[in-house]
Amino acid sequence: MEKGTNVQKERDLQEFTISDSLSEEIRERTNNKKDKNKILAHTVAVVTVACWGCTFVNTKYLLKDGLEPQEIFIVRFLLAYLCIWWISPKKLFCSNWKDELMMLVLGVTGGSLYFLSENTAVGLTYVNNVAFIVCTAPLITTCLAIAFIKNIKASPRLIIGSLMALAGVGAVIFNGHFVLHLSPKGDGLALIAAICWAAYSLIMKRASKRYSSTFITRKVFFYGIITILPVFLFRHWNFPLSHFKETEVWMNILFLGVVASFICFLSWNWVIGKIGALKSSNYIYLNPITTVMASALFLNEPLTPIACLGGVLILIGVFLANNAKHLA
């Protein structure tokens with residue numbers, strides 16, 4: 001009897017050991033999968049920001065060809081909306097009116113108000129001012145998160161990394177020739193754009209827990225288009241439709257609509273869902289690097305050692321900030 005009991009205990013112990021080993025293996029596989037997804041998300045964030053950094057060049061060409069900021073916005077978002085409609089869920093509305101209102105806010109902060117304030121600011125103040133102020137969006141995102149999200153804390157690494165990246169942005173944008181030119185209206189609009197993007201990033205984190213990135217992105221495009229329409233009551237459409245046949249115009253529109261809006265907004269919203277609003281937002285600091293590189297390649301603008309040094313500071317700052325604890 002005692003022997004039989006011992007045998008049963010040994011069997012139970014073996015089963016427990018096997019079960020524990022299987023659980024450990026499953027946990028390890030799950031963790032490996034999560035790590036791979038995070039690496040992919042960080043990679044996608046870098047590529048997305050690189051594409052957005054090039055849009056300054058595309059926009060500059062279109063403005064030179066006669067398109068107004070609101071005209072560029074509505075054309076690129078209409079094109080993006082048509083693209084995403086074919087792959088997005090056919091569900092038209094959110095589960096409740098509060099979520100639908102959240103999508104409206106996302107369409108304004110990440111679409112109409114953001115682009116309109118940023119592009120209008122360019123016409124009222126220096127481009128360098130606008131570029132630098134808009135790139136404070138990650139810092140504003142961090143401040144808002146610390147103020148309104150309980151588990152976010154301002155660790156020394158986060159602060160040092162953010163400030164170092166911002167210093168790098170200044171070096172890249174001003175290129176060693178910093179001269180302070182204040183324009184209250186233009187600089188104020190640029191600040192509004194930065195605040196809009198910060199709010200968009202934090203709200204997107206909440207939305208991504210309830211809906212797919214495809215569905216959210218489609219709603220952002222839709223409400224972005226709807227909320228920009230009233231602007232045309234004051235700024236009428238002036239660009240001749242026949243000019244869209246010109247190669248320079250339709251190629252730049254195609255890039256802004258399909259790549260920079262459809263693909264990049266879709267990927268960015270997915271990234272926020274995977275690594276959080278703060279970590280993804282910190283990659284915005286990389287934007288000036290690709291802008292300067294694209295300007296050097298396509299606009300023959302100079303690439304100086306100061307700009308290269310700024311790029312290094314940005315990379316180090318983003319690494320430090322994204323490896324800080326308590327990021328969401």
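1. The crossing of α3 and α8 is right-handed, a crossing being right-handed if the near helix is turned clockwise from the far one by less than a right angle, and left-handed if anticlockwise. Helix α3 covers residues 97-124 and helix α8 residues 213-228, and their axes come within 7 Å and cross at roughly 60°; axes here are lines fitted to C-alpha atoms, for helices over the stretch in contact, with angles running from 0 to 180 degrees between N-to-C directions. That angle makes α3 oblique to α8, given that angles under 35 degrees count as roughly parallel, over 145 as roughly antiparallel, 65 to 115 as roughly perpendicular and the rest as oblique.

2. The model is a predicted one, in which local features need pLDDT of at least 70 and side-chain atom pairs count only at pLDDT 80 or more, while totals for chains, interfaces and linings use all residues. Residues are numbered from 1 along each chain as its sequence is written, and side-chain values use heavy atoms, with hydrogens and water left out.

3. The secondary structure comes to 12 helices and zero strands, where helices (H or I, at least four residues) and strands (E, at least two) are DSSP runs numbered from the N terminus. Of the 328 residues in the protein, 45% are buried, buried meaning under 20% relative accessible area, exposed over 50%, and partly exposed in between, with a 1.4 Å probe and protein chains only. Among contacts between residues at least 6 apart in sequence, 90% join residues at least 24 apart, contact meaning heavy atoms within 4.5 Å.

4. The crossing of α2 and α3 is right-handed. Pro69, Gln70, Phe73, Arg76 and Phe77 in α2 meet Gly110, Gly111, Ser112, Phe115, Leu116 and Asn119 in α3, and the residues of this contact divide into five nonpolar, five polar and one charged.

5. Helices α8 and α9 pack at an angle of about 130° with their axes 9 Å apart, and are therefore oblique to each other; the crossing of α8 and α9 is right-handed. From α8, Ser213, Thr214, Ile216, Thr217, Val220 and Phe221 meet Ser261, Phe262, Phe265, Leu266, Asn269 and Trp270 in α9, and by class this contact has seven nonpolar, five polar and no charged residues.

6. The largest nonpolar core has 73 residues, and those with the most contacts inside it are Met103, Trp197, Phe265 and Trp268; such a core is a set of buried Ala, Val, Leu, Ile, Met, Phe, Trp, Tyr and Cys residues joined through side-chain atoms within 4.5 Å. Helix α9 (residues 247-275) gives the most to this core, with 12 residues. Not counting residues up to four places away in sequence, Phe265 touches Trp52, Phe77, Gly110, Phe115, Trp197, Tyr200, Thr217, Val220, Phe221 and Ala260.

7. Cys94 lies in the loop between α2 and α3 and counts as buried, at 10% relative accessibility. Neighbours within four places in sequence aside, Cys94 is in contact with Asp99, Glu100, Met103, Tyr211 and Phe215. The C-alpha atoms of Cys94 and Ile216 are separated by 9.4 Å, although these residues are 122 apart along the chain.

8. Two further residues sit within helices. Thr141, found in helix α5 (residues 137-148), counts as buried at 0% relative accessibility and, leaving aside neighbours within four places in sequence, is in contact with Ala198, Ser201, Leu202, Ala277, Leu278 and Ser281. Gly311, in helix α12 (residues 305-322), is buried with a relative accessible area of 9%, and its contacts, again leaving aside neighbours within four places in sequence, are with Val172 and Ile289. The C-alpha atoms of Gly311 and Val169, 142 residues apart along the chain, are separated by 7.4 Å.

Definitions and conventions:
Nonpolar A, V, L, I, M, F, W, Y, C, P; charged D, E, K, R; others polar.
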